[in-house]
Amino acid sequence: MDSARPHERPTAFDRMLTPVHRWIWSDTDRRVQKLLRFGETETDGGRDILRAAEITSDPLLRRLYLEHAIDEFRHGVLFRHRAAELLKVSASRSSPGFHGDWLAPGGHGLDDLQVDGESDKNMLAFLHLSEKAAASRFTVYRDVMQHDPPTRAVFEEILHDETFHMNYTLMQLARVEPKRHRRHLWWARLSRLLKAYLRLATGLGGILGSMLLTIQYFILLPPFAWLAKRAAHRERSGWTMVSHGHSDSLDRQY
Ligand SMILES: [Fe+2]
Ligand SMILES: [Fe+2]
């Protein structure tokens with residue numbers, strides 16, 4: 001697909017996080033993991049858009065959705081192939097460490113997409129914002145990838161399609177809802193903001209939870225361990241005779 005307009009400029013927020021993205025993408029193992037995850041996101045998104053093509057009653061949208069879905073499947077293949085190439089030269093096969101998924105997520109947020117029951121206008125508003133976010137992030141990812149020209153070329157190629165997706169969805173939204181398309185965009189924006197907040201809160205919650213458990217382990221547990229050891233020292237070793245009064249319970253059930 002050809003893009004109708006120049007590439008989307010990254011948002012101020014994505015630009016601000018450029019040093020973080022540079023650090024996240026600098027490690028080869030982390031890059032492999034992220035590319036594999038991006039591949040999954042693109043393929044899942046393509047599947048959802050294929051479903052949207054099945055249920056829409058608008059023939060033009062059906063054709064555009066089909067082409068869009070094919071693009072997303074191709075993006076998934078491009079990401080996976082690049083990850084496989086990197087794996088061949090990478091020393092270790094997996095990295096269980098920090099991947100920064102909530103800081104550098106896959107482009108679209110298409111994983112939030114609920115296709116069934118959505119009207120064309122809601123679908124187009126959601127897709128437009130998702131593609132816009134993808135174009136913004138992929139621009140930053142491409143720019144921080146100077147040390148890896150083949151991966152940079154993958155982002156460059158995908159960015160070209162994402163920009164087209166961003167533009168056609170906006171044009172089609174204006175066609176199916178000429179008067180109220182801006183209102184639909186604002187509602188979709190609010191919904192995305194809420195989901196982004198929940199994602200961020202989940203990420204921060206995970207980090208804070210780990211910190212609290214570590215603090216508890218090193219500060220709260222040692223006194224209990226010391227008390228348990230002291231009690232163990234006071235216990236006599238071996239069998240201990242029980243005094244006469246304490247054996248009454250053997251005569252009855254309780
Ligand atoms: Fe894509
Ligand atoms: Fe896309």
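Is histidine 181 counted as buried or exposed? At 14% relative accessibility, histidine 181 counts as buried, where buried means under 20% relative accessible area, exposed means over 50%, and partly exposed lies in between (1.4 Å probe, protein chains only).

## Basis of the report

The structure is a predicted model, in which local features need pLDDT of at least 70 and side-chain atom pairs count only at pLDDT 80 or more, while totals for chains, interfaces and linings use all residues. Residues are numbered from 1 along each chain as its sequence is written, chains are lettered from A and ligands numbered from 1 in the order in which they are written, and side-chain values use heavy atoms, with hydrogens and water left out.

## Overall architecture

The protein has eight helices and zero strands. Helices (H or I, at least four residues) and strands (E, at least two) are DSSP runs, numbered from the N terminus. Read from that end, the order of elements is α-α-α-α-α-α-α-α.

Of the 254 residues in the protein, 38% are buried. The accessible surface comes to about 15700 Å², and carbon and sulfur atoms account for 61% of this area; accessible areas come from the Shrake-Rupley method with a 1.4 Å probe, and for residues only the protein chains shown count as cover. Among contacts (heavy atoms within 4.5 Å) between residues at least 6 apart in sequence, 81% join residues at least 24 apart.

## The buried side of helix 2

Helix 2 spans residues 18–26, and its buried residues are Thr18, His21, Ile24 and Trp25. They lie on the same side of helix 2, because they cover an arc of only 120° around the axis. The arc is that of the directions from the helix axis to the C-beta atoms. The packing partners of these buried residues are helix 1 (12–16), helix 3 (28–55), helix 5 (120–143) and helix 6.

Lysine 121 is located in helix 5 and is partly exposed, with a relative accessible area of 27%. Not counting residues up to four places away in sequence, lysine 121 touches Leu173, Val176, Glu177 and His184. Lysine 121 and leucine 173 are 52 residues apart in sequence, yet their C-alpha atoms are 5.9 Å apart in space. Leu173 is also touched by histidine 181, as is Ala174, again not counting residues up to four places away. Histidine 181 itself belongs to helix 7.

Aspartate 161 is part of helix 6 (residues 149–176). With 3% relative accessibility, aspartate 161 counts as buried. Its side chain is joined to that of arginine 74 by a polar contact of 2.5 Å. A polar contact is a pair of N or O atoms within 3.5 Å; within protein, one must be able to donate a hydrogen and the other to accept it, and residues adjacent in sequence count only if both atoms are side-chain atoms.

## Salt bridges

Side chains of opposite charge can pair when their charged atoms come close. With a salt bridge taken as a side-chain nitrogen of Lys or Arg within 4 Å of a carboxyl oxygen of Asp or Glu, the count comes to 13. One of them joins arginine 51 and glutamate 54 at 2.8 Å, N to O. These two residues are separated by about one helical turn, because they are three residues apart in helix 3. Arginine 51 is partly exposed at 33%, whereas glutamate 54 is exposed at 56%.

Another salt bridge pairs arginine 142 with glutamate 156, with 3.1 Å between the closest N and O atoms. This pair links distant parts of the chain, as arginine 142 is in helix 5 and glutamate 156 in helix 6, 14 residues apart. Arginine 142 is buried at 13% relative accessibility, and glutamate 156 is partly exposed at 33%. Glutamate 177 and arginine 180 also form a salt bridge, their closest N and O atoms being 3.3 Å apart.

## A nonpolar surface patch

A nonpolar patch on the surface has about 1200 Å² of accessible area together, and its members include Leu200, Met211, Tyr217 and Phe218. Patches are made of residues with over 30% relative accessible area and no salt bridge: like charges are joined within 9 Å, and nonpolar side chains (Val, Leu, Ile, Met, Phe, Trp, Tyr) within 5 Å. Helix 7 (residues 181–219) supplies the largest share of the patch, 10 residues. Tyrosine 217 is found in helix 7 and, at 52% relative accessibility, counts as exposed.
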